[in-house]
Amino acid sequence: MKNEGEGSERPDNTAFTQQRLPAWQPILSAGIVIPGFLIIGLAFIGIGIGLFLTSQTIQVLEMDYTGVEKDSPCFRCTIQSSQNCTCDVTFSLSTLFTGPVFFYYGLSNYFQNFRKYGVSKDYYQLTGDTKYFKSPQDVCAPYAYDSKSNPIVPCGAIANSMFNDTFELYQIINGTKKQVPLDGKGISWWTDYNIKYRNPSPVNGSFANAFEGTVKPINWPKAAYELDLTDPYNNGFLNQDFLVWMRRSALPQFRKLYRRITEGDYSAGLPAGNYSLTVHYNYPVLSFDGRKKVVFSNVSWMGGKNDFLGIAYLVVGSLCVVMSVVMLIVYAKFKFSDDDA
Amino acid sequence: MCSALALGIGSLEAAVKWMVFCVYVVELARSHERIRALSADRIPDSALAPVENGRSQRERRKRGETHLPLGKPGVGFTGVRMMGIISSELERCWSEMGFHLLKSRRLYSVSLQEFWHRHSTHGIFVFEPFSAAKMPFLTVVCGFCVARFQPGPAGCERKMRWVIVDTPTSPVTSGLPLFFVITVTAIKQGYEDWLRHKADNEVNKYPVTVLEDGRSVKKESEKIKVGDVVEVVEDETFPCDLILLQSSREDGTCFTHYTVPDTEKDLQALTAAIECEQPQPDLYKFVGRMHIYKPEQEPAVSSIKVKPAWQLLKPCTLFHLSLDRLKCFYEPLRRVLHESGPGQIRPTYFQQCCSLGATLTSLGPENLLLKGATLKNTKKIYGVALYTGMETKMALNYQGKSQKRSAVEKSINAFLLVYLCILISKAIVCTTLKYVWQSKEGQDEPWYNQKTQKEKDTNMYLKMFTDFLSFMVLFNFIIPVSMYVTVEMQKFLGSFFITWDKDFVDPEIQEGALVNTSDLNEELGQVEYVFTDKTGTLTQNNMEFIECCIDGFQYKHRDNRSELDGFTVTDGPVNKLQQKAGREKEELFLRALCLCHTVQVKEAGSEVVTDQVDGIDGMIHQPEEERGFIASSPDEIALVKGAMKYGFTFLGLESKSMKIRNRQNDIEEYKLLHVLNFDPVRRRMSVIVQTKSGETLLFCKGADSSIFPRVKPEEVDRIRMHVERNATEGYRTLCVAYKQLSAEEYAVADTGLREARLALQDREEKLMAMYNQVETGMSLIGATAVEDRLQEEAAETMEALQGAGMKVWVLTGDKMETAKSTCYACRLFQRGTELLELTVRTLEDGRSWSTANQDYGFIIDGATLSLLMNPPRDADASLYRNLFLQICQNCTAVLCCRMAPLQKAQIVKMVKNSKGSPITLSIGDGANDVSMILEAHVGIGIKGKEGRQAVRNSDYAIPKLKHLKKLLLAHGHLYYVRIAHLVQYFFYKNLCFILPQFLYQFFCGYSQQPLYDAAYLTMYNICFTSMPILAYSLLEQHISIEILLDHAALYREIANNAMLRWRPFLYWTVLGIFQGLLFFFGVRFLFSNPALQDNGQVFGNWSYGTIVFTVLVFTVTLKLALDTRHWTWINHFVIWGSLAFYVFFSFFWGGIIWPFLKQQRLYFVFANMLSSVSAWLVIIILILLSLLPEILLVVLRKPRGPHSRQMKRRLPSSGTSTIFMLSQTASTHSFSWSD
């Protein structure tokens, strides 16, 4: 197999060929590991405490508005098959809910991570390539064409199932409702909004014309070019809610950012008081035993409230410390017995 | 678009199926070939039937010709012989083509593939030389892949990828690693195949002179046909088994000691037929006859006569031919046969021959020149090719070279099976749960994820099946396909370290070690049994006269030139009464040494000694002063040279008279009357010479055991002590006796010997009786001690091997005494070793062994062994064999002497197949060791000065025996540790790679959603984690080479495949599961709130996968870093480099909108992940947590570690003990002669 070492062709005498490359031979001795563990343990405990405390400061308000229970405000929307059902969920804050407040909606038992569901979109459509408007990719099936064989734009299950409950938040001051302004900007990833998704270029100056010959997704009340008629930069595929929805959740229980409360009187947060959340209840979840909720939360440097990290760090940190102590004992004992022998 | 894709997939599927089919067939052929083929030696295939120009097979068939196109009867026999090597498959093909006439009973097989190869390139009739290169190049490339996967299930796994169109990952995702694997391995295989082709050509295509139609024609050695008259000149090897016809020497002997048939003087007008037995492996047996027709009595069969005529009938294998087979090829003979009818073939044929006036000459083994031997001391010989190609005796002595598979590979396959089970059970679990889960209302088809009409229509069971397959595809990454390529690369590159090692370079031959196969590197670390040849391996086969003993007085020659000239200066016995033996005795002894031998003098040129003992074994080049000697046995030369040192020089044999120059520089002449040849049963040889003065003297030399009973007891007592002492010191001892024959005695002896020699029946027995009769009543004059010098450091090497727990067996063709003494010298047998002899001699007298608790050595000889292996019919063969094996395994060392090559292989095979199937290693240097080299798990060839047979057939070749120590203890050990770690690591890393993906199924409705992006799935094994482990597996030295060499016992730590047993495998698997769970659930809890950024935005599923994957890559790489004990800059570079590469790649992959991707799912996912502090924190803690147990284990194991190593160092190392023993040996030397 190998070239024979011909007479003149003696093997090279280099450190590499002779397997004598200078090498560092680390030995994980107790002398390194015990203090190492101690340091790591203490550092972790430190981080853990920090994380835990930070997590504790984050305020979260979660409200399930699915309306399963008969006495819940949205119960009627679940039985009533009528469109445009609205219900009011009221809550009160005893202290200031520090801002900026992030307003999430949450769904559970909702599998955005179904494989078939996940691939069911046409990326070329979503980059504004009108060629694909007329002939959506097969992966979009059965949401590629409507019953009259008109191509759907945006096609696919994800777009079709876009969350369409809308909320309005009012602070009730002395019995009157004061609308809390909700900021819909910056809720989706910057890259999604600026690079990844593109609207088709307007045809004859009209954005809607670009969609000619296509139909809206079956479950959508209005076409993509009508998603936000007030703001042309929030319309079409670049609608922030749409973009948020298109980023599939990892787990069947998830929350997505709906709005931020950053403006006006509420830039410092939601003051204590009574609030009323008007829900335009459109999105059916009970058929698959799902739940809907709204979450108000503020965030810290570590993101939203999550006790897990802090606890994990505390546990691992103390584990390290305990182990360094155990190792110290073991090591001392063995050293001792060695001296005996 | 989609349909195009489907079409693409469909054709891919078809291609794969086709490929798998092809490969399967090729593989079948290959394995078939391996069974029988002698690939290693690349023996040319003999049979070459002619192709009739321009007439294709098909044409002939059309015309209804159903016989072979054989023009000449002689060729017909070639045809027969060709048929003889056709396998049954081939036969079927032939019969389909109209050749129904062939109904052979037992046929040798040649592979089907071989047949194809021939067929496609040369038409059906041409059999190209046998080629070790297994396949045509092209088939290698496509053929290789599945061949690799055949043992493992990965191959089938791959096929499935394309069976279903709807897969969770694209074919490219899974196909790319496969493609990568195939490409790399195919390149490697192709390269090795090319090298093999080259080596084949070297052997098959060297030029040979063949006499054809009276002219010398140069032919390639592979093209020699049976019946060709071949010319071989000095120093050439015989290209096939030849019957010697004529030699250039006047006395008609060629120095391989084969005699020419007496009548064979004039080849120019020779017409003859040779019958011979079917090829059979026994080297020492051959039966044949030659019918020589007088020129005027041209037999009818030979139709064409060309002048000058070399009309030699092709040899036929008459004894085993059936009527049917003959008739179609050989018309004239058929007539004869038909007349006599079947069953009476032989007599009729002979009658026919005899009636034609043929002279019958019997041919015996002495007439046969075996392939592989070298012609020496004879200018030129002519011989007729009798057995060629695979039918040569040497070839038949080779075992088929079955592909050797190492124990590691077997472990891999076992592990693979486990992982396959895991894979299947994962898929089954997921499929089952999926349908259980779906049965719940609303889960199967929620409104947001409707099924297509096609999906709705699909049969439920089919859906289940496709789901199952989808899961298989999703989880198939658990089968480490790329492990094959990494293992392959590791072996290929790793073996370079053996070739490069300068410690293996021998200054004499200026060559280092040679690696013939890289597949067995790790096996070197697993050897349990070492089978070694003696001559040329343990010893240098370089005899030296050490001392002699004349009349009870010891003479030791000093190696000092100035004191050379005679007996006057000797280390005589310190006996005060008498300083030395009488002068007369001395001279008689020396004359005896000078006369009693079969040595020939060679005046100039390089001297060569042929070791007749081992048949075609050993030619030793021996640099010589002014005079060269040639003899069948090197010790004879040593004796003659010894005598020369003491003043008696043998000048040569000229026309039956031997001349010696005595100390007075007078020339003495003796007439050589008879030589009573050496034979292994008598174990002595004698000459009868007549002095000038008319005295008739018989000189006899032989083993003490055979001489002592034939001399006077009082003489024996004086000498026995010396002989025994010399024997225990490892010298070959010979006793010399003489006898004066009176005229009458001589007359009786002379006639008796002559009669016996001419006897046609029981010649051997009669000669033996005569010899015994003559060699009696002699008087003992002395004894000699000849040393077969051990190879450098032979004893140390053997000791190191034994210290490493290996059992060393010596298998030799040599005499028992010499072998035994060598064993003593090598310290294989110690002084206290009780020797158990099982030889023909001891078989009769039952002896009870002492049952004391001590070392036993076991000695068995070839004849006994064959009794043991093939006992008489009624005996229980397996019982004997088991008993034998048990005895052997309980002995510290075993010596098997008088072994035929095939017996050596038998022994190896027996041990190899014994309980626990220990790993065996054979080491040898000669052609007679080839069979055992091939048989053993690891075959090592010594690059001696002998032929390259052993080297060519070995897996590894080293220049000297001493190199074995480093090869096994250092290289073998390291390779084993490396590859074992590699294998375990691969399984582990794939387990913790795919386990999160499995767990994710529980959270995604069992929808086969991949957790990781396709790029990550593809690159994980190819790029992110492959290089560090490769570097590790090439460079790791967990213990430095010096320590490994110093402490042979360290080798025991890895014995019995210690690192690849189920326990470590379980450990790694548990580790993998632990880490996999940790990765997944750690991130799972983090994602209970997916808002992980400080801007409140949420992460999606690809972020989830990327975090898990990042933790995974880092953990797996750092785990390897933890295991690395030997950090060279390459390790640093590769480990940190691949982590950096991962980060870089992730940025790069996520940083660009890739136009060829249909979904930019990873776009900016990685960068976004890094912008999240929580992600960082979770990555850090998960890495640490998963490595924690490993660190703990290392540390908790450590406190004892350094101390135990220190303890080991404090023990007397094997090195010092060797010195100690050597000094002991030296002291015995100096003491022994003083008494």
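In which helix of chain A does A:Leu319 lie? In this predicted model, whose local features are reported at pLDDT of at least 70 and side-chain atom pairs at pLDDT 80 or more, while totals for chains, interfaces and linings use all residues, residues are numbered from 1 along each chain as its sequence is written. Chains are lettered from A and ligands numbered from 1 in the order in which they are written, and side-chain values use heavy atoms, with hydrogens and water left out.

A:Leu319 belongs to helix 9 of chain A, helices being DSSP runs of H or I with at least four residues and strands runs of E with at least two, numbered from the N terminus. The residue is partly exposed, with a relative accessible area of 39%, a class that lies between buried (under 20%) and exposed (over 50%), as computed with a 1.4 Å probe on protein chains only. Although 275 residues separate A:Leu319 from A:Phe44 in sequence, their C-alpha atoms are 9.8 Å apart in space.

Helix 9 (residues 307-340) has the lowest mean pLDDT among the elements of chain A, 82, whereas strand 4 (residues 101-108) has the highest, 94; pLDDT is the predictor's confidence in each residue, from 0 to 100. Chain A averages 87, and 94% of the residues score at least 70. Over residues 1-9 of chain A, pLDDT stays under 50. Where pLDDT is low, the predicted coordinates should not be read in detail.

Elsewhere in chain A, strand 5 (residues 166-173) and strand 6 (residues 176-180) pair in the antiparallel sense over 5 bridges, pairing being assigned if DSSP finds at least two bridges between two strands. A:Tyr170 stands opposite A:Gln179 in strand 6 of chain A, and in the hairpin, which has 2 residues between the strands, A:Asn174 takes a positive phi near 55 degrees.

Chain B comprises 1235 residues, of which 61% are buried, and its secondary structure comes to 43 helices and 33 strands. The contact between the chains, defined by heavy atoms within 4.5 Å, takes 117 residues from chain B and 95 residues from chain A. The area buried between them is about 9200 Å², with carbon and sulfur atoms giving 61%; buried area is the accessible area (1.4 Å probe) that two parts lose on being put together, summed over both. Between chain B and chain A there are 2 salt bridges, each requiring a side-chain nitrogen of Lys or Arg within 4 Å of a carboxyl oxygen of Asp or Glu. A:Arg20 forms a salt bridge with B:Glu1042, in which the closest N and O atoms are 2.6 Å apart.
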